[in-house]
Amino acid sequence: MPDCEVGEKKGVKRFMDIKISPSMLASNYARLEEELKKCENGGAELIHLDVMDGHFVPNISIGAPVIKAMKRVCNVPFDVHLMISNPYDYIEDFVDAGADIISFHTECDSDTEKTVDKIISLGCKASLAVKPNTPISEVYPYLDKLSMVLVMTVEPGFGGQSFMESTMPKIVELRAKCPDLDIQVDGGINNETVKIAGKAGANVFVAGSAVFNSENPEKAIITLKNNARV
């Protein structure tokens, strides 16, 4: 796990590994295997899978059975984002389905520390997510156990929203505190906003429409990665 106490003394680390995590929420669900292969061929480091329960957020998406089926035809690690009210109750399901890292929200109803511990105990990496208006300090008590922190740059629940630059100070603050931590941003990431988030200190970028609505998703992934380094 990252040493965040040391991070406060050393300052910002500028050259983190850049990772692109295409969001399957924007993909063609009738051609999931084909869409996954595009991500793999483009060199995506992660596949982002949004799980919504219609309660924590006003939308419903895929669940563990669909993720399990996708895992059979994809070799890229699965980055599962649980936008559900009680993630603790479903951790086993998503680990069994093939999640490699699981993000859940500090704003959920489950006990945060117990949920983090459960994820880790089942051999999966743990990540905490925060909504745009949630202070980044909410994740601080758990940093020694986390492999990643997800900063939402839109209100969670729907794809295709506009990037909220007002969330960038949270990333700057967290990067200064934890120079070695993976910091993910999700929402409105495109060829321009990826530069803004990268400059703030993010190094893991969820991109849906920017990848799957492009004429060449493989090239789009490469372009996003290059732009994030600008």
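## Lys-118 and its surroundings

Two residues are in contact when heavy atoms lie within 4.5 Å. Leaving aside neighbours within four places in sequence, Lys-118 touches Tyr-88, Ile-91 and Glu-92 in this sense. The model is predicted: local features need pLDDT of at least 70, side-chain atom pairs count only at pLDDT 80 or more, and totals for chains, interfaces and linings use all residues. Residues are numbered from 1 along each chain as its sequence is written, and side-chain values use heavy atoms, with hydrogens and water left out.

Lys-118 belongs to helix α5, residues 112–121 (helices are DSSP runs of H or I, at least four residues, numbered from the N terminus). The relative accessible area of Lys-118 is 13%, so the residue counts as buried (under 20% relative accessible area, with a 1.4 Å probe and protein chains only).

## Cysteines

No disulfides are found in a search of the whole structure (a disulfide is a pair of cysteine sulfur atoms within 2.5 Å). For Cys-39, the nearest cysteine sulfur is that of Cys-74, 7.3 Å away. For Cys-108, the nearest is that of Cys-124, at 16 Å.

Cys-39 is buried, at 1% relative accessible area. Cys-108 is also buried, at 9%.

Methods
Helix = DSSP H or I, 4+ residues; strand = E, 2+ residues; numbered from the N terminus. Buried < 20%, exposed > 50% of the residue type's maximum accessible area, 1.4 Å probe, protein only.
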